[in-house]
Amino acid sequence: MSGQPSYDPYDRAGREDPYPGYSELRDRCPVHHLDVPGVEVDRINANPIVARPTTDFYSVARYADVTALLQDNRTFASGQGPGPERLVAPDGVGMLIYADEPHHTRQRRIVVAAFQPKVINPMRPDIERICERRLDAFEASGAPADLIAGYAEPVPIETIALVLGVPAEDRDRFKRWSDDTLLALGGDAEAYERSYRSLVELQEYFSQAVAVRRKDLAAGTEPPNDVLTHLIHAEYEDRQFTDEELLMALQILLVAAVDTTNHAIGNGVHLLLTHPETRELLAREPDRWGLAVEEILRYEAPAQALFRTTTTADTVVAGIPIPADAKVRVLFAAANRDPAAFRDPDEFRIDRDPSEVRRHLSFGRGAHACLGAALGRTMLEIALRTLLRRLPGLRLDPENPARRDLDRFHTRTWATLPVRW
Ligand code: HEM
């Protein structure tokens, strides 16, 4: 296509502020076709073993097109994973975000049943306690301190450990496995090796946990009311998860919960510290927190984009043909700043009309929409509120500017966020 803008999704520097590039795409090139002869792995800092980066894909930027596409999972299939690589699931079927019909609906119903509000809601006080404990340690470490390593990263890991029923004494091991597992998303060969070893250990750990739960049940012992118990027992069309499916689901839940909420917390803290009037408004009118969380997610989508890995037929988006067997990158973050859907989209404002701000696409839409959205929102709100209440003098450290992590292909996040209080 001629006259394309110079948009390059692999341009590391462009990730510092991707929004002008998205705006150009929406205006001039709503379906952008990247087709380069080859991308050096080093250039995108991709994992050389896991990620064989795709160099031929279509990026979709406008709100209307993104929402329509997300609701057509028959044409825009997900089965080869959400990343720039093409993956084949070990069982040939995949799980949740890596799965298509007819498998996806069954898997999703089982997991949604395990995440019922009656299981998650009673955990609110425990999530608050996790934040408080982290802040005790953070405060004790003394200012200046890095809010990402000291708070934004550990809080979601400890929360998901709680939700999945990992006992308190195992949380440190769980944190290491979870940290290492995330390395597979964009590390070097050594990081990949570590992530693989940790993944095996994590699987062994969960295999045993599942076996113990099954044994307890057979012996008539009342199992704990957590997500793991419900994941084991929930069924759809008379079928429960096999052990293999359970392990895949647990692994995906771990990454999907942690490698999103941690970025949302960091982005939220930075936005509130750079918008003092918003912070004051929230202190005066705490009822606004719910909408503030939505605006944080809209304005800085933690998952800026994900892939639909195969078009199952020739199709047309915004009048532009996309052939069958193409990869399509869905730009949630560009849609979230589309003036056709949001007034003054580049302004961070928590007084937007609720129906306007809630239409953001940071949790996706359609068949694969985030099934942990309620938990993600809860974690984000509790983490931010607790932080600002405990450290009312919190401010960015003027001597150590915050640094974005530009190595992440899909993710909007801070590598470091040095603060004082
Ligand atoms: C602020 C935090 C979060 C953000 C921004 C987020 C974002 C997303 C997005 C954009 C998708 C859609 C993927 C697609 O369409 O391809 C998604 C799916 C998913 N999310 Fe989240 N997520 C968050 C928190 C969580 C949490 C806490 C959990 C688990 C407890 C979770 C579990 C999942 C799962 C399992 C899927 C796949 C659903 C499916 O394919 O059916 N997420 N998330």
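This is a predicted model: local features need pLDDT of at least 70, side-chain atom pairs count only at pLDDT 80 or more; totals for chains, interfaces and linings use all residues.

A: Arg385 and Glu381 both sit in helix H17, four residues apart, or about one turn of the helix. Helices here are DSSP runs of H or I with at least four residues, numbered from the N terminus, while strands are runs of E with at least two. H17 covers residues 373-390.

Residues are numbered from 1 along each chain as its sequence is written, and side-chain values use heavy atoms, with hydrogens and water left out.

Now the exposure of that pair. Arg385 is partly exposed, at 34% relative accessibility. Glu381 is buried, at 16%. The cut-offs are under 20% relative accessible area for buried and over 50% for exposed, with partly exposed in between (1.4 Å probe, protein chains only).

Next, a link out of H17. Arg389 meets Glu132 in a salt bridge, 2.6 Å from N to O. Arg389 belongs to H17 and Glu132 to helix H6, so this pair ties together parts that are 257 residues apart in sequence. Arg389 counts as exposed, because its relative accessibility is 53%. Glu132 is partly exposed, because its value is 24%.

A network of salt bridges links Glu132, Asp136, Glu139, Arg389 and Arg390.

Helix H6 spans residues 124-141. Within H6, Asp126 and Arg129 lie three residues apart, again about one turn of the helix. Their side chains form a salt bridge as well, at 2.6 Å from N to O. Asp126 is partly exposed, with a relative accessible area of 26%. Arg129 is partly exposed too, at 46%.

How many salt bridges does the model hold by this rule? The count comes to 32.

To recap, Arg385 and Glu381 pair within H17. Asp126 and Arg129 pair within H6. Glu132 and Arg389 join H6 to H17.

Methods:
A salt bridge is a side-chain nitrogen of Lys or Arg within 4 Å of a carboxyl oxygen of Asp or Glu.
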